[in-house]
Amino acid sequence: MYRSEMRKRVLFYSSVKSIELLKTQKFYQIDIALLEDLGYEVLLSHKILDSLLFWKYDILFSYFYKYSFFAALLAKCFWKKTYFTGGVDALDANYASTRNYRIQVLFFKLCYWVANSCIVVSQSDLKNITQILSSKKKLSYSEHAIDTKQFFSDVHKDKLFTTVVWMGGEGNVKRKGVDRALRIFAELKKIPAFSDYRFIIMGRKGEGTAFVQSIIDKYGLNDSVELTGEVSEERKISFLKHSEYYFQLSLYEGFGLAALEALCANNVLIHSGKGGLDNPIYKTQLLFDIDNDFDNEFSILINKMTSLKTMNLTGENLKYYDIQRRKEDFEAIITNNNRNYQLN
């Protein structure tokens, strides 16, 4: 078989601690599957030095813009095409510390230097990136996507709030705003209309679990809040289909994939509007300004919640966020080498 007839091989890299995370984290799973659907053989890696094995791959596809630079630099030494994607939280100067912001600016510019294309995933990231680059010729644009049809539902809604968070550390729990969500939920429970509601928090348990449990104890919510731990995809979808409200009160979100899933499942989203949550698809939902006075924002939220019960955005409104669109984006950017795709 001639080399031109063989499937091109993609080395899919992210600096995760375990290769298993590439198989279980949703945004990795989706992009790996899309690359395979496009005919690529995908090899998984979480080790920078794997990019030295130049005979094993044709293209390096890297997640995030820090350690991936070193893998991409090695790949470029062997004339391999390199692509980056993923959210860039630390390029938001209002979120990251000055030190972390400067480090991220440096690494993003280095990644851009070696990249064939940087695939930006949200308008907020694009805004932050264009503030530090003088050229956009190697930027392309493709927001994250999901299999929207899996989440569409007309099932009966239960008196239920949900959220998804990895509790590997207290820092991530705070970044995802679970502490704020629990405070809001505790206040809602004092109102007769919401006194019977429950709150399901899904996500792998870790060092941050104790912090979450301490807040549950503080507000006396043990009878109405459940920490499920990691759940199957099927069970997560079932929870989302049956829940009425979804919390996403993040300090920053690169995109907000779980929030998108909740919208498709016809949840009302209570969100912070930070980062990717400033995306137009979320603007019709319930914004809770986490930088404002809590009592004032809670009063505004209550007025909004008592005047509506659903915000159905299924169908045409969410068509853009289906995985078929991101597959077409990858084909244009990677296969057809349209590196300024969707920016013109």
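In what order do the 6 strands of the open sheet that includes β1 and β2 lie? The order is β2-β1-β3-β4-β5-β6, and the pairing is parallel. Strands, like helices, are DSSP runs numbered from the N terminus (E, at least two residues, for strands; H or I, at least four, for helices), and two strands pair if DSSP finds at least two bridges between them. The structure is a predicted model, in which local features need pLDDT of at least 70 and side-chain atom pairs count only at pLDDT 80 or more, whereas totals for chains, interfaces and linings use all residues. Residues are numbered from 1 along each chain as its sequence is written, and side-chain values use heavy atoms, with hydrogens and water left out.

The edge strands of this sheet are β2 and β6 (139-141), each of which pairs on one side only. Neighbouring strands are turned by 25° against each other on average, direction ignored. For such angles, axes are lines fitted to C-alpha atoms, for helices over the stretch in contact, and angles between N-to-C directions run from 0 to 180 degrees.

Strand β1 is joined by 5 bridges to the parallel strand β2 (residues 41-45), where V42 stands opposite V10. With strand β3 (residues 59-63), β1 pairs in the parallel sense over 4 bridges, and L60 in β3 is the bridge partner of L11. In a regular strand the side chains alternate between the two faces of the sheet. In β1, R9, L11 and Y13 lie on one side and V10 and F12 on the other, and all are buried. Strand β1 is thus described as mostly covered, with 5 of its 5 residues buried; buried means under 20% relative accessible area, exposed over 50%, and partly exposed in between, with a 1.4 Å probe and protein chains only.

Towards the other end of the strand order, strand β5 (residues 117-120) is joined to β6 by 3 bridges, and the two run parallel. Here V120 stands opposite Y141 in β6. Helix α3 packs on the sheet and touches β1, β3 and β4 (81-85), its direction making about 165° with that of β4. Helix α5 (residues 123-130) lies across β5 and β6 and runs at about 165° to β6.

Helix α3 also has a helical partner. Two packed helices are described by the angle between their axes and the distance between the axes. Helix α3 (residues 68-77) and helix α4 (residues 98-114) pack at an angle of about 20°, with their axes 9 Å apart. That angle makes α3 roughly parallel to α4, a term for angles under 35 degrees; those over 145 count as roughly antiparallel, 65 to 115 as roughly perpendicular and the rest as oblique.

Which residues of α3 and α4 meet? F69, F70, A72, L73 and K76 in α3 meet F107, L110, C111, W113 and V114 in α4, where contact means heavy atoms within 4.5 Å. By class, this contact has 9 nonpolar, no polar and 1 charged residues. Ala, Val, Leu, Ile, Met, Phe, Trp, Tyr, Cys and Pro count as nonpolar, Asp, Glu, Lys and Arg as charged, and the others, Gly among them, as polar. L110, in helix α4, is partly exposed, with a relative accessible area of 26%.

A further open sheet of 6 strands has the order β9-β8-β7-β10-β11-β12, with parallel pairing. Its edge strands are β9 (225-229) and β12 (286-287), each pairing on one side only. Strand β7 (residues 160-164) and strand β8 (residues 198-202) pair over 5 bridges in the parallel sense, with F199 in β8 as the bridge partner of F161. Between β10 and β11, which run parallel, there are 4 bridges, and Y245 has V268 in β11 as its bridge partner. From strand β11 (residues 268-271), V268 and I270 point one way and L269 and H271 the other, and all are buried. Helix α9 (residues 233-242) lies across β7, β8, β9 and β10 (245-248), running at about 140° to β7.

Another helix pair is formed by α7 (residues 178-188) and α8 (residues 209-218), which pack at an angle of about 15° with their axes 10 Å apart. These helices are therefore roughly parallel to each other, and α7 passes α8 in a right-handed crossing. V178, D179 and L182 in α7 meet F211, V212, I215 and I216 in α8. The residues of this contact divide into 6 nonpolar, no polar and 1 charged.

Notes: A crossing is left-handed if the near helix is turned anticlockwise from the far one by less than a right angle, and right-handed if clockwise.
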